[in-house]
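Thanks for coming, everyone. I have two things to show you today. Let me put the structure up.

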Amino acid sequence: ACTGNTPETTTQTGSQGGVKVANDEPGKKVVIGFSAPAADHGWMAAISAAAKAEAEKYSDVELKVVEGTNDVSLQISQVETFINDKVDAIVLLPFDGAALTPVALKAMKAGITVINVDRAFDSPFAARSTVLGDNYGMGVSAGTYVCEKLDGKSDAVVAEIAGIDSLPLTQDRSKGFADALRECGLKVNNRVAAEFTVESGEKAAANLLQAAPRVDAIWNHDDDQGIGVSAAIKNSGRGEFFLIGGAGSANVMREIKADNGLHKATVVYPSTQGADGIRLARLAVQGKSLGDLVEVEVPRQIELFAPVVTKDNVDRYLPTAFES
Amino acid sequence: MNENTATAAVAPTSGPPDGGRARRAVTGLLGSAAGRNTGLVVALVLLCVVGVITAGDRFADVDNLLTILRLASVIGVVSVGMTFVITGGGIDLSVGAIVALSSVWATTLATQAVARDFHWLSLVFTALAVGAGCGVVNGVLIAYGRIVAFIATLAMLAAARGLAEIMSNRKTQIVDVPGFTAFFDASVFGVPVLVIIFVLVAVVGWVVLNRTTFGRRTYAVGGNPEAARLAGINVRRHTVLLYTLLGVCCGIAAILLIARTTTGSATHGGLYELDAIAAVVIGGTLLSGGRGTIAGTVFGVLIFTTLSNVFTLNNLSISAQAVAKGAIIVIAVLLQQRLARRGDS
Amino acid sequence: MNENTATAAVAPTSGPPDGGRARRAVTGLLGSAAGRNTGLVVALVLLCVVGVITAGDRFADVDNLLTILRLASVIGVVSVGMTFVITGGGIDLSVGAIVALSSVWATTLATQAVARDFHWLSLVFTALAVGAGCGVVNGVLIAYGRIVAFIATLAMLAAARGLAEIMSNRKTQIVDVPGFTAFFDASVFGVPVLVIIFVLVAVVGWVVLNRTTFGRRTYAVGGNPEAARLAGINVRRHTVLLYTLLGVCCGIAAILLIARTTTGSATHGGLYELDAIAAVVIGGTLLSGGRGTIAGTVFGVLIFTTLSNVFTLNNLSISAQAVAKGAIIVIAVLLQQRLARRGDS
Amino acid sequence: MTSSGTPLLSVRGVVKRFPGVTALGGVDFDVRAGEVHCLLGQNGAGKSTLIKVLAGAHRPDEGELRWQGEVVSFDNPMDAMRTGVAAIYQELDLVAGLSVADNVFLGHEPATAGFTRRAEARRRTRALLERLGHPDIPVDRDAGRLSAANQQIVSMARALSRDGRLLIMDEPSAVLDQDEVHTLFRVIRELTAQGVAVVYISHRMEEIREIGDRVTVLKDGRTVATGLPAREARTADLIKLMTGRDLEYVFPDRKPLDPAAPVVLAVRGLAASGRFAGLDLTVRAGEVVGLAGLVGSGRSEILEAVYGARKASAGTVEVDGKRLRRGSVGAAVRAGVGLCPEERKSQGLLLDQAVYRNITVSTLPVFARFGFLDSGAERARSLELTTALDVRPPGVDRAVRTLSGGNQQKVVLARWLLRECRVLLLDEPTRGVDVGARSEIYELIRDLAERGVAVVVVSSDVEEVLGLSDRVLVVREGRVVHEGPAHEIDEHRVLDLVMEGTAA
Ligand SMILES: Nc1ncnc2c1ncn2[C@@H]1O[C@H](COP(=O)(O)OP(=O)(O)OP(=O)(O)O)[C@@H](O)[C@H]1O
Ligand SMILES: Nc1ncnc2c1ncn2[C@@H]1O[C@H](COP(=O)(O)OP(=O)(O)OP(=O)(O)O)[C@@H](O)[C@H]1O
Ligand SMILES: O[C@@H]1[C@H](O)[C@H](O)CO[C@H]1O
Ligand SMILES: [Mg+2]
Ligand SMILES: [Mg+2]
């Protein structure tokens with residue numbers, strides 16, 4: 001399940017690559033601690049599940065997964081526990097990147113390899129390596145796609161169903177979206193925020209559809225909440241617009257492929273970042289590098305690509321998309 | 001103050017002793033709705049006025065009002081059940097988790113297969129049974145295990161959500177039982193089935209709380225458990241029944257939610273406990289037990305859902321909404337108090 | 001049963017009337033800790049035993065124990081304050097939001113500039129003042145506005161978090177005040193300053209609740225407000241003071257959290273209300289007021305934090321942890337009840 | 001002791017223990033059909049515990065109950081009610097938020113398939129209230145909004161509604177005035193004529209004489225005498241049986257009031273809308289002023305208004321010549337006014353807290369230095385008072401909830417004795433207090449007066465008002481209808497004044 005396995009990054013480290021043999025060969029045993037926010041929505045649940053599945057593929061990796069939490073204080077203490085425990089590496093998807101920075105620094109000082117996933121720390125010294133989705137890029141991709149589809153329609157109404165509004169990543173996505181729309185003279189006419197869950201998506205969309213009697217395009221940040229969004233749309237009996245998803249679930253891709261629904265596209269935001277983090281942690285600890293790079297060390301930062309999946313290219317992404 | 005006294009307060013004559021029950025029930029319902037809840041009604045009306053002024057036709061639109069009602073229905077059903085538990089002197093923090101577990105259990109592949117092969121009602125029964133089961137566990141822990149309700153249901157909150165996650169493997173389970181979807185997507189004379197179910201639950205809740213021995217005893221158990229015991233009421237059994245009733249309401253809510261979102265999920269019902277308790281308390285039910293009103297609860301639910309609708313129609317930021325929400329809650333309650341007090345004297 | 005009666009239960013002689021105050025304070029503290037809270041102690045010890053068995057040295061390690069205490073400190077400070085409010089017959093749902101608002105206000109660019117130019121204590125004072133201010137508002141709404149505590153603080157929850165988001169523009173604010181960080185990162189004889197502050201707050205809380213007129217009045221106000229009023233206590237003013245005190249505790253917690261995370265953020269303190277109330281109630285404080293124990297609250301906090309530490313050490317699935325947590329809460333409370341009852345007779 | 005026929009109920013060797021206390025240590029007695037059997041005993045003797053055992057509210061640790069000769073065991077109140085036992089408990093046990101009718105039929109509501117027949121409940125409630133002489137109580141009113149006396153009437157209606165064969169009444173007359181007590185007695189006579197047995201508890205000897213057939217005396221949880229003839233037994237003997245001492249039930253001497261004593265409390269034109277109006281009252285240092293009147297005549301409200309606990313609509317209250325802020329308890333307390341409220345449970349006590357904490361709650365600053373309490377001193381002072389008032393069991397660390405009703409009353413009183421007030425307002429200070437302790441309380445009140453305190457006493461016991469006060473005010477429907485020295489008026493005259501106009 002790897003929506004995010006874009007050729008640029010993962011194929012090279014993936015099991016199909018020629019160099020993988022060297023990299024995948026069992027090496028020194030690596031103990032990895034993994035901590036992430038509470039699995040209060042599908043994408044986040046998929047993150048931990050993928051990380052766990054990845055670790056199981058390696059006989060030399062022992063993964064410690066702790067209770068997902070949105071309480072920064074608790075997450076800090078989890079990392080402290082990993083430090084006390086002298087794990088080799090920590091893969092950390094922080095609830096709040098800035099808030100977890102001090103403890104990540106502490107871990108690095110203690111000689112532990114920290115891999116930062118998805119939400120960035122605010123110090124370059126806090127992680128050995130960072131895997132980021134391109135949140136701003138997601139917004140730009142979605143906005144650009146809207147511009148293309150609504151080509152020339154200057155009075156078009158665009159709506160946005162954002163995710164958890166207090167997360168920086170949501171703000172980045174919205175900013176990218178607004179910036180891209182501005183390029184073609186459009187703007188976000190109606191915006192609501194949900195909580196990445198199906199239920200919140202339904203609720204937000206139901207209200208949104210009342211707020212906007214006519215819409216031409218809707219971008220929904222997250223395909224999990226998108227199930228609820230679709231339910232609300234179906235219920236309203238409306239359909240004068242098209243829908244763009246986010247994150248890239250198998251569900252939505254199937255709908256795009258069949259071309260029988262309102263979803264015309266989705267913007268991938270890989271739920272495999274955690275899994276990538278596990279691999280990177282292992283490689284970094286074992287002193288290996290990314291196979292297809294000439295470079296002998298694991299890179300400092302990997303920013304994943306946020307491609308737009310449409311009917312035309314869906315076959316390429318569907319096999320690795322995550323199930324909601 | 002319960003709804004009966006409310007009636008008395010509105011029409012101080014103590015009424016002909018032989019008056020028809022149905023008529024009195026209706027006067028009681030309306031009397032209490034208009035009388036005791038004046039403040040809530042005024043708050044709701046004010047909200048609607050603001051809605052009309054700021055969003056015009058988009059607010060007053062029938063579709064929009066139905067949207068509000070549909071959103072109100074899920075949390076509304078839970079809140080009606082919560083009114084019983086709180087009136088009976090308890091509290092339940094696990095309602096959201098029970099909704100989640102019921103929704104997941106009712107939408108597992110196995111249940112759905114049975115539902116398709118047999119009858120979609122089996123899905124409904126599963127949700128109700130799971131809800132009732134959790135309610136029984138809550139009730140037994142509280143009444144017989146003598147664990148404080150807050151703690152017992154907190155434990156249930158953790159356990160039921162964990163179980164829902166394990167069952168669903170933290171995946172969203174999509175419903176594919178045509179009969180089920182068809183039934184709940186329908187409307188009767190333009191009114192969605194979901195809304196009809198909410199109205200039914202509220203009316204039945206009102207009748208049970210105000211017109212049955214069970215309801216009278218609920219007030220007694222919540223108001224003065226020792227007096228209730230001395231009056232020969234089996235307080236423990238009654239407590240178990242109250243939590244079971246709420247559990248069943250959670251099961252119903254799960255069904256409505258499955259219908260609304262076409263999914264079952266361990267993330268369903270997030271923070272329902274706070275929303276439901278807030279609606280109940282703003283409606284005038286005493287958190288300490290002994291006084292409760294279904295009509296007030298329904299107003300409480302409507303106020304909260306209308307609030308978020310009006311905000312959304314106006315494209316306000318979530319943060320501004322939150323600040324305004326705080327202010328509006330305070331104003332609504334102060335209004336309710338002042339008006340209720342004036343109505344008293 | 002409050003802690004003094006607890007002492008009495010342990011040592012049934014009514015004590016020499018001229019006994020030294022300090023000695024009694026110590027016996028009181030230990031007596032209550034060991035006596036009334038036997039169940040909690042046993043539960044905590046059992047948890048530790050499980051920790052040692054499953055995680056061996058990694059659990060018993062000093063660093064690990066300090067980790068537990070450091071985690072306990074933030075929520076612990078809030079819980080101590082919450083003990084006062086609940087003992088006094090109230091409840092506060094806004095603690096998490098107040099922590100968030102205090103943390104944001106204390107870390108705005110403006111505050112930080114002042115703190116750098118002037119003294120880092122100005123950051124601390126800002127957090128305390130914001131906390132106290134929110135507490136005063138809560139208290140006034142409840143005591144003078146006569147809004148039910150649940151609703152008033154729910155409104156504060158919405159408003160304070162919204163305000164925090166607006167102030168911070170929903171960005172995490174990083175602290176860059178060297179003196180501040182240096183002070184709070186330090187340890188004294190190996191004990192982190194955070195932990196020392198928690199211990200101080202708990203001890204001061206215990207003394208105030210059990211040895212001062214303020215504490216005594218808190219019990220009276222919570223136990224029977226009407227009787228307290230007729231006994232000449234200014235119940236309203238006292239109520240305002242209680243919420244203010246809790247607000248100040250939230251301010252302290254915000255400082256600890258800023259120190260721990262080097263940030264202020266509108267997302268800080270999420271669900272602290274539930275955690276704090278749970279710790280207080282599991283510790284034996286009555287939700288309906290009139291009975292409260294600081295020692296019990298501290299045990300409650302330690303039980304919850306140790307629980308999550310043991311889970312962290314043991315690599316259980318997240319969902320299984322939730323289910324186990326539910327079961328453990330129930331067991332701890334049942335244990336506490338059985339043992340406390342036995343201690344009674 | 002036994003006479004012809006099996007007793008309706010016989011009690012043998014009943015023992016009931018609570019943590020740390022043996023409330024009943026072996027009780028034996030028989031109740032015959034058609035008799036009024038009185039239980040006598042000091043506060044804490046175990047009377048209420050005994051009736052709770054009889055009514056199924058407590059399970060005895062030892063002993064047996066026989067109903068018409070058959071051994072029965074009541075596991076819960078329902079069992080007892082099914083057998084035919086109905087009880088009126090000492091502590092009012094109504095549900096405040098339910099209507100009068102709902103309270104009366106709580107637990108046995110007239111119903112069809114679970115739906116209450118409310119009209120029938122109302123009608124039957126009205127009939128019961130009428131029988132108890134109170135057709136005025138509105139059946140739809142919340143029970144919590146009735147006066148204590150009316151609540152007691154509702155409790156009685158509820159017990160009657162059960163159609164029991166044995167009716168137990170635990171101090172039903174404590175909150176009633178004489179007139180109402182007579183109505184109660186009439187109802188009791190009707191019932192006994194139909195063969196119903198009544199167990200009657202009261203601390204008022206004259207009531208026992210009037211209504212009782214036989215008497216059982218409890219002391220320290222044991223039967224010390226049973227089957228005594230209620231009318232013939234000598235009071236002195238009964239008191240000796242109860243207390244183990246010879247006691248005279250007398251009022252302390254009144255010293256002539258110093259005419260130069262300063263006015264401490266001056267109330268002018270005090271009114272509370274709809275309750276009372278135009279009240280003038282002055283009390284000098286060392287003077288005890290009594291307020292007599294029927295239950296519900298507004299005396300409690302007068303005290304509450306003086307104390308600032310109830311907002312007055314007009315008038316002024318001055319203490320030592322300084323005017324108090326209207327509606328402020330704090331101002332009254334600071335000026336040295338104390339109120340010992342009427343309803344000990346809801347207005348007076350912190351039930352879950354230790355005796356000493358209940359006593360010192362109004363006097364905390366005295367025991368504090370910089371806000372820190374000296375609980376040793378608190379306990380010591382409290383112990384002095386509880387010893388003086390003979391609170392049982394002794395010891396000040398026990399939770400007040402575990403004390404008997406009369407002993408709880410003494411705790412409330414102790415609070416105000418401890419606080420050295422300039423003005424002390426006492427509302428029904430001896431309600432539920434036994435004969436022995438009663439004279440001690442009278443002594444204490446007198447002592448206070450002699451030390452210069454201005455005392456106002458409200459009591460429904462006219463004898464008590466007259467015996468205790470220097471000056472008496474008779475209140476009727478919120479108006480003072482007579483004022484004069486206590487020795488110039490007698491009980492009959494007070495009753496006449498009180499009743500005037502009410503007959504209509
Ligand atoms: N729940 C309880 N827990 C502990 N002790 C109790 C409890 N109930 C009663 N007692 C004790 O039992 C004894 C008998 O009390 P009871 O109430 O029966 O006395 P009583 O004869 O009715 O007195 P009164 O005339 O004051 O009403 C008292 O010592 C009392 O303190
Ligand atoms: N909160 C209330 N609501 C409605 N009526 C009340 C309330 N309090 C008192 N009353 C009524 O006011 C009248 C006066 O009551 P009050 O208690 O002052 O009388 P009292 O002379 O002190 O009698 P008692 O001896 O019973 O105390 C009563 O008829 C009572 O029913
Ligand atoms: O939590 C968020 C959302 O789940 C989003 O869909 C992808 O990015 C994650 O960080
Ligand atoms: Mg008694
Ligand atoms: Mg009175």
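I'll take the contact between two of the chains, then a ligand site.

Some ground rules. This is a predicted model, where local features need pLDDT of at least 70 and side-chain atom pairs count only at pLDDT 80 or more, while totals for chains, interfaces and linings use all residues. Residues are numbered from 1 along each chain as its sequence is written, chains are lettered from A and ligands numbered from 1 in the order in which they are written, and side-chain values use heavy atoms, with hydrogens and water left out.

First, chains A and B. Chain A brings 30 residues to the contact and chain B brings 29. Contact here means heavy atoms within 4.5 Å. The buried area between them is about 2,400 Å², and carbon and sulfur atoms give 51% of that. Buried area is the accessible area, with a 1.4 Å probe, that two parts lose on being put together, summed over both. In chain A, the residues losing the most area to chain B are A:Glu199, A:Asn207 and A:Gln210, together 27% of what that side buries.

What about charges? How many salt bridges cross between chain A and chain B? The rule finds 3. The rule is a side-chain nitrogen of Lys or Arg within 4 Å of a carboxyl oxygen of Asp or Glu. One of them pairs B:Asp185 with A:Lys234, closest N and O atoms 3.2 Å apart.

Which element of chain A gives the most to this side? Helix H8 of chain A, with 9 residues. Helices (H or I, at least four residues) and strands (E, at least two) are DSSP runs, numbered from the N terminus. By residue type, the side of chain A that touches chain B has 11 nonpolar, 10 polar and 9 charged. Ala, Val, Leu, Ile, Met, Phe, Trp, Tyr, Cys and Pro count as nonpolar, Asp, Glu, Lys and Arg as charged, and the others, Gly among them, as polar.

Look at the ligand's oxygen atoms. An N or O atom in the D:Asn43 side chain is 2.9 Å from one oxygen atom of ligand 1. For D:Lys47, a polar side-chain atom lies 2.7 Å from an oxygen atom of the ligand. For D:Ser404, the side-chain distance is 2.7 Å.

That's my tour. Over to you.

Note on methods. Polar contact = N/O pair within 3.5 Å; in protein donor to acceptor, adjacent residues only side chain to side chain.
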